[in-house]
Amino acid sequence: MTKNAIHIKNVQVTEQKDWAAGVTAVMSAYKNVSAKVGPIRGTKLLAQLNQIDGFDCPGCAWPDPLLKRSTFEFCENGAKAVADEATLKRATAKFFAKHSIDDLKQKSDRWLNDQGRLVEPLYLTEGASHYQAISWLEALSLIAENLTKLDSPNQAAFYTSGRTSNEAAFLYQLFVRQFGTNNLPDCSNMCHESSGVGLTETIGVGKGTVSLHDLEHSEAIFIFGQNPGSNHPRMLTSLQAAKRQGAKIVAINPLDEAGLKRFKNPQEVGGVIGAGTVLRDLYLPVKINGDVPFLKGLCKALIERDDAGQDVLDKEFIAEYCHGFAAFKQDMLDVSWPDIELHSGLTQSQINQAADIACTSKKTICCWAMGMTQHKNAVVNIQLMTNFLMLQGNLGKPGAGVCPVRGHSNVQGDRTMGIWEKPSATFLDALQQTYDFDVPREHGYDTIETIQAMAQGQVKVLFALGGNFYRATPDHTATKQALASCELTVQVSTKLNQSHLYTGKSALILPALGRTEIDQQLSGIQTVTVENSMGVVQTSHGKIPPASHLLKSEVAIVADLAALTLPESHISWQQMKNDYRLIRDGIAQVIPGFENFNQRIEELGEFELPNAVRDECKFMTSSGKANFVVHDIESIPVPEGCLLMMTIRSHDQFNTTVYTNNDRYRGIHGSRRVIFVNVDDLEDLSLQMGQQVDIHSHWPNEKIQTRTVKGFTLVQYDIPRGCAAAYYPETNDLIPLSSVADKSNTPAYKSVVISLHKKTDKED
Ligand code: SF4
């Protein structure tokens with residue numbers, strides 16, 4: 001605690017930090033690892049993290065340097081993720097005999113996670129109060145029985161989380177498609193789906209187009225709706241490298257996050273005892289959902305300067321590679337500065353400062369995360385960022401391009417492997433040709449559609465390969481009811497979470513090996529692969545003995561389930577389980593870019609996937625060119641007395657996994673039930689710092705027009721007027737299933753109209 005801390009009930013609020021990482025991060029990492037894993041075992045483990053012959057970080061998807069790694073190739077959050085997985089604590093059948101489901105439902109996300117590794121398969125029979133141990137054969141036979149008795153394969157849905165390796169994901173989708181459905185929702189539906197949709201329409205590639213080298217050699221980096229200091233910490237090292245090469249950094253976000261202010265690199269003397277490196281050159285406190293008007297203002301400024309003779313636009317690039325420029329230009333000239341200022345919350349002068357930086361750069365990159373992808377108009381956000389880059393020819397050349405930054409280690413790879421409810425015909429044709437069965441062609445359910453289908457009785461079995469489905473989704477009330485109407489829900493997991501408590505009529509927990517653990521199969525110790533945010537495929541080798549001899553790898557679980565569910569199948573599930581190289585041979589035949597997969601990873605350990613935009617400046621869109629798109633500014637009406645709220649994650653959290661109740665950089669200690677509000681809004685609303693409130697969200701066109709979460713402490717914070725922020729997943733229930741992004745169906749977690757009310761009773 002710093003000496004100026006304010007104590008409010010069970011929350012202590014200290015000053016917002018103006019730097020990230022440094023010695024504090026190192027100490028926090030080692031303290032965490034020592035406490036959970038032990039100092040010697042923990043240090044040995046960290047030495048293998050993100051090394052070429054070590055294991056890939058189970059945290060975010062930030063890339064490692066190609067073929068050259070330092071001894072400490074990880075961040076505080078990567079260390080926490082590893083410690084969390086390698087913990088010595090165990091949640092055994094004895095634990096579940098002691099704690100009923102009702103008892104466990106009273107516990108927090110953090111408490112559940114703290115109980116340690118799940119070590120044996122567990123079964124919750126219909127109407128039972130406790131999970132009980134069950135054998136693997138019984139558990140998998142039960143699932144197979146439930147699947148085969150369905151009237152249609154489409155009555156089952158198969159969810160995937162972003163931890164799943166390429167090998168497990170490929171085998172899983174192969175099983176699911178031979179079973180007969182494309183119901184393959186995944187966590188990507190809830191995070192970067194908007195990026196995939198927006199980029200595919202605009203440039204014909206649904207992924208980023210830059211490498212780590214590009215980022216470190218660009219001249220300007222625009223970072224939208226992203227908090228890398230907490231969610232992708234090693235990105236700060238790359239930003240520091242870019243700064244040292246002379247790059248300018250612009251941060252566009254309603255919150256001025258510590259990580260983009262100053263970075264104290266713990267691997268440098270200056271980062272340990274010095275002031276560190278100032279990262280951002282310009283901070284723009286855009287209003288929540290003010291990105292479209294900001295981007296229009298930025299593009300307008302560039303076009304107007306060019307019209308005034310400044311030669312700002314890359315006219316040759318636009319003429320040769322782009323489509324729709326005339327209409328786009330007219331739209332930018334038509335939009336008025338007062339409208340831009342009103343809806344973005346930024347002044348023309350601030351936007352002009354961003355334009356100044358763009359004009360001095362010949363190589364510009366846009367990075368973004370969920371601050372851009374989880375709005376109703378998220379796809380428009382992505383397309384306008386891309387159009388901004390196209391104006392100056394910043395695609396298909398070194399040091400320039402688009403960089404969506406993914407939050408889970410293999411979320412991008414899982415999609416590449418075919419985990420998608422809307423697979424392309426090309427992918428399905430290749431799968432059919434390679435494995436010789438009639439693949440289903442009808443599109444399946446995404447995550448939101450799966451919840452709706454479960455609620456309507458159209459999906460009766462939910463199988464989740466990792467993740468925390470119940471807690472990650474919006475509208476916990478509806479999700480809970482939807483899950484309860486399933487005949488069977490199955491969670492493949494490493495740790496206990498709320499999805500094991502809000503289940504179908506009966507439920508199974510299947511305990512899986514973690515990324516850190518040795519995966520021994522009949523042919524020997526197995527290697528798996530993942531794809532990072534920048535399209536590099538790399539190997540991961542588990543290093544420590546499994547938490548229990550009863551754990552199975554995700555590949556083994558899928559293969560054994562496939563063999564039991566599809567006894568007539570001609571596919572050699574058991575052989576692939578015995579030797580993952582056979583799975584990679586299949587991937588090499590089906591998915592372009594993976595040719596000689598085994599040979600390449602054996603020789604190099606990693607390789608870059610092809611990217612038509614980056615490699616050839618080729619745009620595989622409907623027009624054959626990069627598309628400019630015209631969009632109106634559609635701002636969300638916020639009635640008087642209301643605020644627009646976004647959900648955020650804390651520094652001590654990885655997706656739904658909560659490590660502690662602290663958020664060090666934002667100065668919050670001891671509780672996650674806080675809501676950040678501007679001081680002037682507090683005054684206008686006659687509320688005070690520290691007051692306890694209930695949050696109501698408002699949905700005038702819905703059957704349930706007001707939704708409530710109770711018991712939050714008001715924290716006066718540096719956030720634009722009219723805006724508020726509160727933690728995910730505690731506030732997810734404020735968001736109905738219908739509040740999603742157009743086209744991508746991603747939940748709009750970051751555009752919630754709320755009002756604040758004096759606390760009525762106990763917390764939810
Ligand atoms: S930046 Fe992401 S991938 Fe890298 S060590 Fe940290 S959490 Fe892991």
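Predicted model: local features only at pLDDT ≥ 70, side-chain atom pairs only at ≥ 80, totals over all residues.

Next I looked at how domain 3 and domain 4 meet. Their contact draws 26 residues from domain 3 and 22 residues from domain 4. On the domain 3 side, α9 (193-203), α11 (228-231), α13 (258-261), α20 (370-373) and α21 each contribute at least two residues. I sorted that side by residue class and got nine nonpolar, twelve polar and five charged.

**The ligand shell**

Which residues surround the ligand? I listed Asn50, Cys57, Gly59, Cys60, Trp62, Phe74, Cys75, Asn77, Gly78, His232, Pro233 and Arg234. By class, the shell comes to six nonpolar, five polar and one charged. Domain 1 (21-86) and domain 3 (193-404) both supply shell residues, so the ligand lies between them.

**Helix α3**

Asn77 and Gly78 from the shell turned up again in helix α3, among its buried residues. I checked the whole helix, residues 76-86: eleven of the eleven residues are buried, so α3 is largely enclosed by the rest of the structure. The buried set includes charged-class names such as Glu76, Lys80, Asp84 and Glu85, along with Ala79, Ala81, Val82, Ala83 and Ala86. For the cover over these residues I noted α1 (22-37), α2 (39-46), β27 (653-654) and β28 (657-658), among others.

**The largest nonpolar core**

I then turned to the largest nonpolar core, which has 222 residues. Leu171, Ile221, Leu298, Cys366, Ile675 and Ala724 touch the most other members. Helix α21 (residues 378-391) gives the most to this core, with ten residues.

**Strand β15**

Cys366, from that list of core residues, sits in β15, so I went there next. Is strand β15 (residues 364-368) mostly covered or mostly open? I found it mostly covered, with five of its five residues buried. Thr364, Cys366 and Trp368 are buried on one side, and Ile365 and Cys367 are buried on the other.

For its neighbours, I found that β9 (residues 220-224) pairs with β15 in the parallel sense over five bridges. Phe222 has Cys366 as its bridge partner there. Strand β16 (residues 401-404) also runs parallel to β15, and four bridges join them. In that pairing Cys367 stands opposite Cys403.

**Around Ile675**

Ile675 was another of the core residues on my list. Setting aside residues up to four places away in sequence, Ile675 touches Val693, Ile695, Phe712, Leu714, Val715, Ala724 and Ala726. I looked at the strands in this region too. Strand β30 (residues 674-677) runs parallel to β32 (residues 706-716), and four bridges join the two. Val674 stands opposite Thr713 there. Strand β31 (residues 692-698) runs antiparallel to β32, with six bridges. In that pair Val693 stands opposite Phe712, and both of these residues are contacts of Ile675.

**A six-stranded sheet**

I traced an open sheet of six strands in the order β7-β6-β19-β18-β17-β8, with mixed pairing. Its edges are β7 (132-133) and β8 (156-160), each pairing on one side only. At the β7 end, β6 (residues 122-124) and β7 run antiparallel over two bridges, and Leu122 stands opposite Ala133.

**Last stop: Asn611**

Where is Asn611 found? I placed Asn611 in the loop between β24 (606-608) and α31 (612-616). With 20 C-beta neighbours inside 10 Å, Asn611 counts as buried. Beyond four places in sequence, Asn611 touches Val205, Lys207, Thr209 and Gly535. I liked the Lys207 pair: the two residues are 404 residues apart in sequence, yet Asn611 and Lys207 are 8.6 Å apart in space, C-alpha to C-alpha.

Notes. Residues numbered from 1 in each chain as written. Near = placed C-beta within 6 Å. Domains from an automatic or database assignment. Core = buried A, V, L, I, M, F, W, Y, C linked by C-beta atoms within 7 Å. Buried ≥ 20, exposed ≤ 12 C-beta atoms within 10 Å, placed from the backbone. Contact = placed C-beta atoms within 7 Å. Pairing = 2+ DSSP bridges.
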